[in-house]
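Visitor: Please take a close look at a single part of this model and describe its surroundings in plain terms. I would like one connected answer.

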Amino acid sequence: MGRVTERRRVVRIRNGGAGVRPDTLVAEEPLEIRLNGRPLAITMRTPGDDFALAVGFLVSEGVLGAASDVQAVTYCEGATQDGSNTYNVVNVQLAPGVPVPDITLERNVYTTSSCGLCGKASLDAVRTASRFPGVAADPVRMPAEVLTGLPDRLRAAQKVFDRTGGLHAAGLFTAEGELLDLREDVGRHNAVDKIVGRALQAGRLPLTGAVLLVSGRASFELAQKAVMAGIPVLAAVSAPSSLAVDLALESGMTLVGFLRGPDMNIYAGEERITL
């Protein structure tokens, strides 16, 4: 797409002196996700991997579980009054026979780049049943020293962050610390959706034995997305929310927070982390 970053004029003050120069910023644009032609949600995202973002979002909603559930993913032409294509509207067409969820006003929401569940009607509405076996039975184990090395590997692979300093990342790793995939976005939830969507497109769901690392905090929404994709271990460099911990305990997922240097807090599923 070529729209991941944009250049803007900035007055830069250093050591008491001012100068004008161009600055590279991460792009943020709205993406409307449609399901079978009907509007479902709008999210603010960094352009790129839009198809993966859309199908990953539908995995977390319990709509999709395999690549065969999708007939086609397309940008919608005529998204503006003059008929031009903004590449900001994506339609996911379900394959014949795949159940279409009831799209209500409660679900048809605007999601910001920091929170994707603000329009949910109730907590019960987001405790969606996964299409895959529960993560509690996943036997994966990993040494603590491997887990503590993941933030540095994630940061080293963040190429857009190096240019802008202004976006989040989600990384998918093996239990041995191998980086499988990394996506960057202004929203953590979008980065995770892109990871999950790419896995669905590649026929790799559920993500058994995988470790998901997110920059920033671990919200309930991110924990839900991990559970829905069959990811047994979720780690964050900052704090989890109380609801994220509750969901991890209920689902049998391992949840790690404050993963910094040699330190971490294990909030659930500590049996998977070996010392």
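Guide: Ile13 counts as exposed, because its relative accessibility is 56% and the cut-off for exposed is over 50%. The model is a predicted one. Ile13 is found in strand β1, which covers residues 5-14. Together with Val11 and Val20, Ile13 makes a nonpolar surface patch of about 290 Å².

Strand β1 also holds Arg12. At 33% relative accessibility, Arg12 counts as partly exposed, because that class lies between the limits of 20% for buried and 50% for exposed. Arg12 belongs to a patch of another kind: with Arg7, Arg14 and Arg21 it forms a positive surface patch.

Helix α8 runs over residues 242-251, and its buried residues are Ala244, Val245, Leu247, Ala248 and Ser251. Viewed down the axis of α8, these buried residues fall within an arc of 165°, so they line one face of the helix. Ser242, Leu249 and Glu250 are exposed, and they sit on the other side of α8.

Key
Residues numbered from 1 in each chain as written. Predicted model: local features only at pLDDT ≥ 70, side-chain atom pairs only at ≥ 80, totals over all residues. Heavy atoms only, no water. Patch = residues over 30% accessible without salt bridge, like charges linked within 9 Å, V, L, I, M, F, W, Y side chains within 5 Å. Areas by Shrake-Rupley, 256 points an atom, 1.4 Å probe, with all protein chains shown as cover. Salt bridge = Lys/Arg side-chain N within 4 Å of Asp/Glu carboxyl O. Lys, Arg positive; Asp, Glu negative; His and termini not counted. Charge placed at Lys NZ, Arg CZ, Asp CG, Glu CD. Helix = DSSP H or I, 4+ residues; strand = E, 2+ residues; numbered from the N terminus. Buried < 20%, exposed > 50% of the residue type's maximum accessible area, 1.4 Å probe, protein only. Arc of directions from axis to C-beta.
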